[in-house]
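Student: Could you walk me through reading a few side-chain features here? I'd like the general idea, then the actual case.

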Amino acid sequence: MKQSAAGLRVYRDVLRVPGAAGFVSASLVGRVPMATLSLATVFLVTDVTGSYAMAGTVASAGALCYALLVPQLGYLVDRFGQRRVLVPLAWVFAAAGAAFVLAAREGAPAWQIVAAGAVFGATMPPLAALVRARWSHLAGGDGGLLKSAYSFESVADELIFVLGPPLVSAAVLLHPAAGVAAVSLCGAAGALGLAAQRRTEPPVLPRGPASGRAIAVPGLRVICGAYVCTAAMFAGHELSTMAFVGEHGEPWQTGAVLGTYAVGSAAGGLWYGARHWQLPLDRRFRLALAAMVAGVAPLWALPGVPALWAVSLVSGVLIAPSVIAGYSLVREGVPAGMLTEGMAWAATAVGVGKALGVSAAGFVVDAGGPRAGYLFSLACGCCAVSVALLGARHLRAMAAPRVARAA
C-alpha cells in the first residue's frame, strides 16, 4: 500500500510543474472531439440517412482528411510555434462544424454531407500531440518526470473517453445535431485556451538545412503502421458496440459501455506510470500491444450488454500502456526539432486507421451484425502486433539512448 501511494505521488509532482495546470485544463476541454467526433458524426448521419454504412463513410472521410492534414500542422508548429497555428485552426473547426450540421439537417446530397463531414474531421485541433510536446519541453532531461507526464496524459485522454461518449449520447437525446455542436464548441474553446498559455509553449528549434521530415525515421514508420491497425481496431470496436447495444440494450448504454472501456484504460495508465520499469521501452511497446489485442478477443462471443460491460472494463486496462510506450518511443527516437511533427505522424496513423476501420466496420456490421464487427476488430489488432514484431529492429534503435544513436 505504501509503495502504491508513493508511486501515485509522481502525478502530484507532474501537476506542480509551473504552468501545467493551465494548459492541462485547456487541453482537457479541447480534446473532447478526440473521443466524440466520430460518435457525434455517426449519430447525426444515421438520424438523417438511417444507414451505418453512410455514417461510416462520412466519419472515415473526416478521419482520412485529418490524417492527411495533421502532419502538415505538426510541421508548421515546429516552424512557427503552437499559438500561430492554433488560433486560426480553432475558428476554422467551429465554422466547419456549423456547415456540417447545416448540410445534414437541410437534406443536402450525399456528396455534400460527406464533404462537410470531411472538412469537420480534418480541422480537429491535434491537442494531444501539442500537449505532449509541451511536456517534453518542460520535463527537459528528467526521464522519470517525462514518463509520469506521458502516463498522466494517457489517463487524461481516457478521462475524455469516459466523459465524452456519455456527453454526446445525452446531447443527441435533445437533438441529433447537438452532439456535433458540443464537439465543435469544446474543440475550438480548448484550442484557443491552449494557445493563450504562452509561458509553457515550446520554443521553435532549428531543424538544420538537411534535416528532412520526421517520417524518414524507420522506427516512426513502424509505430505508425501499428497505430493504423490499432486505430482500425478501436473504430471497429466502437461501431460494433453501438450496434450490439442497439440489439441487446438501451441507447443510453452505448456511451456508458464505451466509457467503461476508457475507465479501465485510465486505471492501466495510472498503474503503468507509477512503476519503475526495467524492461526496454521497445519490448514494453510490443508486449503492451499483444496484451491489448488479447483483451478484445472474447468480445464477439459475449451473450449480452452486462457481459460486454464487465469485459470492457478489464480489457480497457491494457490500452494505455501501449499508447504511453508508443509516444515515449517517438520522443526518444525523433530529433528534437521535429518532435511535434513526429507526434503528429502518430496522430495521422490513428486517423488513417480510424478512416479505414470505421468505413470497413460499417459494411461488416451492416452485412454480418455486431459480432462480425468484433471479429473484424480482433483481426486488425492481430495485424498491429505483426507489424510491431516485423519492425522490432527499428523499434529497438529508437529506444537506444540518444548518445548511442548519434555515435
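Student: Are Y227 and F285 buried or exposed?

Tutor: Buried means under 20% relative accessible area, exposed over 50%, partly exposed in between (1.4 Å probe, protein chains only). Y227 is buried, as is F285. Keep in mind that this is a predicted model: local features need pLDDT of at least 70, side-chain atom pairs count only at pLDDT 80 or more, and totals for chains, interfaces and linings use all residues. Residues are numbered from 1 along each chain as its sequence is written, and side-chain values use heavy atoms, leaving out hydrogens and water.

Student: How many aromatic pairs are there?

Tutor: Rings of Phe, Tyr and Trp (its six-membered ring) pair if their centres lie within 6.5 Å; planes under 30 degrees apart are stacked, over 60 edge-to-face, the rest tilted. The structure has 6 such pairs. For Y227 and F285, the centres are 6.3 Å apart and the planes at 65 degrees, so they sit edge-to-face. The pair links distant parts of the chain, with Y227 in helix α10 and F285 in helix α12, 58 residues apart. Helices here are DSSP runs (H or I, at least four residues), numbered from the N terminus.

Student: And which residue forms a salt bridge with R31?

Tutor: A salt bridge needs a side-chain nitrogen of Lys or Arg within 4 Å of a carboxyl oxygen of Asp or Glu. R31's partner is E153, with the closest N and O atoms 2.7 Å apart. R31 lies in the loop between α2 and α3 and E153 in helix α8, so the bridge ties together parts 122 residues apart in sequence. R31 counts as buried at 2% relative accessibility, and E153 does at 0%.

Definitions and conventions:
Helices (H or I, at least four residues) and strands (E, at least two) are DSSP runs, numbered from the N terminus.
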